Amino acid sequence: MRVALYGASGKVGVLLRPALADAGHDVVDGREAGPADSDAAVDFTTPDAVVANVEACLAAGVPVVIGTTGFDVGAIDEAARAADVPCFYAPNFTQGAVLMMRFAEEAARVFPRAEIVELHSEAKRDAPSGTSRATAERMGTDPPIHSVRLPGLVAHQEVVFGGMGETLTIRHDTMSREAFVPGVLLALERVRDLPPGLTVGLDALL
Ligand code: NAP
């Protein structure tokens with residue numbers, strides 16, 4: 001399908017563009033070409049840019065797969081419902097992070113005390129990360145979240161549980177941005193069949 005990629009020159013975008021092309025998609029730069037005539041769009045930009053990009057896609061009736069984090073999820077859901085267009089957002093497109101969130105949700109039933117440490121590259125603009133907020137929401141125990149931004153990091157998260165004389169740590173490390181590609185390809189394959197509005201989380205597609 002023809003895909004408008006927003007954020008094509010970013011750290012994720014430069015990896016995604018050839019990967020989407022290798023998967024058989026005709027990729028155009030969303031910032032240059034706009035959403036017209038595209039079957040779907042992908043956005044990996046910034047919290048400031050994503051809303052206008054999605055609004056342009058909704059106005060053109062083009063479903064969007066959103067990877068950008070740190071935006072108002074409720075507002076985009078409302079806009080997508082009003083436009084009758086399906087959109088998809090995953091705070092984390094890696095398979096390991098999906099499992100980490102699932103395991104953390106299960107462990108929180110046994111260990112009510114926990115804290116989350118999320119570590120990302122110094123260029124990441126939003127904090128706490130979308131993944132850490134999604135993890136905390138699923139745990140339901142309102143764990144404190146600590147954010148670390150340093151050069152050398154990609155995307156990492158630890159959920160540390162504490163009990164009587166024991167701790168349990170669940171940790172996920174993204175070593176390369178290639179880890180996001182299979183999840184984005186899956187979301188692109190499925191987004192047009194989702195209900196109008198914003199579907200959140202890779203779990204919903206697995
Ligand atoms: P990045 O390297 O800063 O790239 C962002 C790109 O967006 C830049 O190339 C920037 O171009 C471009 N951009 C800015 N405004 C734009 C606009 N209005 N229209 C089109 N493009 C625009 O960031 P990144 O590491 O690739 O990450 C991008 C986003 O994805 C972040 O929010 C990050 O947290 C998120 N992310 C999510 C996942 C996930 O699994 N959900 C994984 C990794 C990253 P200029 O510099 O030329 O302005």
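Is Asn92 buried or exposed? Keep in mind that this is a predicted model. Asn92 comes out at 9% relative accessibility. The cut-off for buried is under 20%, so Asn92 counts as buried. Where does Asn92 sit in the chain? In a loop, with β5 (86–89) on one side and α5 (95–110) on the other. What does its side chain touch? The side chain of Asn92 has a polar contact, at 3.2 Å, with the side chain of Thr131.

Now the ligand. How many residues surround the ligand? There are 20. Gly67, Thr69, Ala90, Phe93 and Lys124 are the closest.

Next, the polar distances. Start with Lys124. An N or O atom of the Lys124 side chain is 2.9 Å from an oxygen atom of the ligand. Lys11 works through its backbone instead: an N or O atom there lies 2.9 Å from a ligand oxygen. With Gly7, a polar backbone atom is 3.5 Å from a nitrogen atom of the ligand. How much of the ligand does the protein bury? On its own, the ligand exposes 920 Å². The protein buries 75% of that area. And which pocket is this? The largest pocket is the space that the ligand takes.

On to backbone geometry. Which peptide bond is cis? The one from Ala127 to Pro128, with omega near -5°. Pro128 belongs to the loop that runs between β6 (113–120) and α6 (130–139).

Take Asp84. Its phi is positive, about 60°, and Asp84 is not a glycine. Asp84 sits in the loop between α4 (73–83) and β5. Is Asp84 buried or exposed? Its relative accessible area is 56%. Exposed starts over 50%, so Asp84 is exposed.

Then Asp142. Here phi is near 55°, again positive in a residue other than glycine. Asp142 lies in the loop between α6 and β7 (145–149). Relative accessibility for Asp142 is 70%, so Asp142 counts as exposed.

Asn92 is buried, whereas Asp84 and Asp142 are exposed.

Technical notes:
Residues are numbered from 1 along each chain as its sequence is written. This is a predicted model: local features need pLDDT of at least 70, side-chain atom pairs count only at pLDDT 80 or more; totals for chains, interfaces and linings use all residues. Side-chain values use heavy atoms; hydrogens and water are left out. A residue is near a molecule or strand if one of its heavy atoms lies within 4 Å of it. A polar contact is a pair of N or O atoms within 3.5 Å; within protein, one must be able to donate a hydrogen and the other to accept it, and residues adjacent in sequence count only if both atoms are side-chain atoms. Accessible areas come from the Shrake-Rupley method with a 1.4 Å probe; for residues, only the protein chains shown count as cover. On a 1 Å grid over the protein atoms alone, a cavity is a set of points where a 1.4 Å probe fits but cannot get out, and a pocket is an open set with protein on both sides within 12 Å along at least five of seven lines; lining residues have an atom within 4 Å of a point. A molecule sits in a cavity or pocket if more than half of its atoms lie within 2 Å of its grid points. Helices (H or I, at least four residues) and strands (E, at least two) are DSSP runs, numbered from the N terminus. Buried means under 20% relative accessible area, exposed over 50%, partly exposed in between (1.4 Å probe, protein chains only).
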